[in-house]
Amino acid sequence: QVQVVESGGGLVQPGGSLRLSCAASGTIFSINAMGWYRQAPGKQRELVAAITSNGNRNYAESVKGRFTISRDDAKKAVFLQMMSLKPEDTAVYYCNTEIMTYGGMKYINHWGQGTQVTVSS
């Protein structure tokens with residue numbers, strides 16, 4: 001009923017930029033918080049950035065000042081602008097959205113399939 005699809009990953013040199021996009025589709029009544037997580041090989045998945053329905057943003061300390069999260073509610077989308085990328089930003093990036101479907105009683109977390117970001121020279 002609900003699909004969450006990321007795009008925009010790829011290979012970039014250190015100091016470069018990438019913009020990730022995530023779009024939700026299906027029988028969506030409302031979207032609450034939206035966020036980006038990442039998981040590097042051998043490490044746990046961690047929160048990168050999140051944005052609430054009223055626009056409050058939260059960032060991991062490691063990305064503050066370099067990454068910017070934004071959302072477009074009309075498009076049911078969330079974006080992550082990543083600048084000054086470092087090799088340690090290399091990971092699979094996952095989109096997470098809290099979605100209430102039509103007829104639903106609560107918000108449920110939905111994950112995308114992930115998109116690979118590799119920062120290397």
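Mentor: Strands (E, at least two residues) and helices (H or I, at least four) are DSSP runs numbered from the N terminus. Two strands pair if DSSP finds at least two bridges between them. This is a predicted model, in which local features need pLDDT of at least 70 and side-chain atom pairs count only at pLDDT 80 or more, while totals for chains, interfaces and linings use all residues. Residues are numbered from 1 along each chain as its sequence is written, and side-chain values use heavy atoms, leaving out hydrogens and water.

Trainee: In which sense do strands β9 and β10 pair?

Mentor: Strand β9 (residues 91-101) and strand β10 (residues 108-111) are antiparallel, with four bridges. Thr-97 lies opposite His-110 of β10. Six residues separate the two strands of this hairpin, and Gly-103 in the turn has a positive phi of about 85°.

Trainee: How many disulfides does a search of the whole structure find?

Mentor: A disulfide is a covalent bond between the sulfur atoms of two cysteines. The criterion is a pair of cysteine sulfur atoms within 2.5 Å. The search finds one: Cys-22 is joined to Cys-95, S to S 2.1 Å. The pair links distant parts of the chain, 73 residues apart, with Cys-22 in strand β3 (residues 18-26) and Cys-95 in strand β9. The link is left-handed, with -80° about the S-S bond.

Trainee: Are Cys-22 and Cys-95 buried or exposed?

Mentor: Buried means under 20% relative accessible area, exposed over 50%, and partly exposed in between (1.4 Å probe, protein chains only). Cys-22 is buried because its relative accessible area is 1%, and Cys-95 is buried at 0%.
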